[in-house]
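Reader: I'm new to protein models, and I'd like to learn how to read one. Could you walk me through this one?

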Amino acid sequence: MGGLSFEEAAQFCEESGSRLATVGELYAAWSKGFDLCTPGWLFDGSVRYPIVKARERCGGRVPGVKTVYAFRNQTGSLDPSSLYEAFCYLGDCPPPSPAFRSGWG
């Protein structure tokens with residue numbers, strides 16, 4: 001399994017002509033139906049993923065923008081060297097589309 005550190009995610013987005021999305025931009029995309037069970041880095045250094053259709057393996061039975069925490073009790077910030085994907089924001093295009101590094105799988 002692959003992924004990007006926070007620094008690599010920011011660089012990936014920049015090289016793609018975009019930037020890491022903000023939490024608000026991810027929420028806006030989620031409210032318009034963006035659903036993806038793959039966590040990614042955001043501009044503030046958090047890792048989140050948008051779930052419209054609730055499912056047990058993707059954050060439980062309640063839809064929403066889910067946050068990945070360092071500990072099971074939902075506390076703690078993630079180490080910036082942890083590996084996740086990136087949510088890159090392209091500006092006036094449709095709300096943030098996930099930008100995945102090739103080879104993720």
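Author: A salt bridge here is a side-chain nitrogen of Lys or Arg within 4 Å of a carboxyl oxygen of Asp or Glu. Bear in mind that this is a predicted model, where local features need pLDDT of at least 70 and side-chain atom pairs count only at pLDDT 80 or more, while totals for chains, interfaces and linings use all residues. Residues are numbered from 1 along each chain as its sequence is written, and side-chain values use heavy atoms, leaving out hydrogens and water.

Reader: How many salt bridges does that rule give?

Author: The general idea is that side chains of opposite charge can pair when their charged atoms come close. Here the count is 3. Arg 55 and Asp 35 make one of them, at 2.7 Å from N to O. Arg 55 sits in the loop between β3 and β4 and Asp 35 in the loop between α2 and β2, so this pair ties together parts that are 20 residues apart in sequence. Helices (H or I, at least four residues) and strands (E, at least two) are DSSP runs, numbered from the N terminus. Arg 61 and Glu 56 also form a salt bridge, with 3.2 Å between the closest N and O atoms.

Reader: Is Glu 25 buried or exposed?

Author: Buried means under 20% relative accessible area, exposed over 50%, and partly exposed in between (1.4 Å probe, protein chains only). Glu 25 has 15%, so it is buried. Arg 61, at 73%, counts as exposed, and so does Glu 56 at 56%.

Reader: Which residues of helix α2 are buried?

Author: In α2, which covers residues 23-31, they are Glu 25, Leu 26 and Ala 29. Looking down the axis of α2, these buried residues fall within an arc of 100 degrees, so they line one face of the helix. That arc is taken from the directions from the helix axis to the C-beta atoms. Their cover includes β1 (19-20), β3 (47-51), β4 (64-67) and β5 (85-89).

Reader: What should I look for in a strand like β3?

Author: In a regular strand the side chains alternate between the two faces of the sheet. In β3, Val 47, Tyr 49 and Ile 51 point one way, Arg 48 and Pro 50 point the other way, and all are buried. With 5 of its 5 residues buried, β3 is largely enclosed by the rest of the structure. β3 pairs with β4 in the antiparallel sense over 4 bridges, and with β2 (residues 40-41), also antiparallel, over 2 bridges. Two strands pair if DSSP finds at least two bridges between them.

Reader: Which residues have the most contacts inside the largest nonpolar core?

Author: In soluble globular proteins, nonpolar side chains tend to be buried together. A nonpolar core is a set of buried Ala, Val, Leu, Ile, Met, Phe, Trp, Tyr and Cys residues joined through side-chain atoms within 4.5 Å. The largest one here has 15 residues, and Trp 41 and Ala 86 have the most contacts inside it. The elements giving two or more residues to this core are α1, β3 and β5. Apart from it lies another core of 9 residues, including Phe 34 and Leu 42.

Note on methods
Contact = heavy atoms within 4.5 Å.
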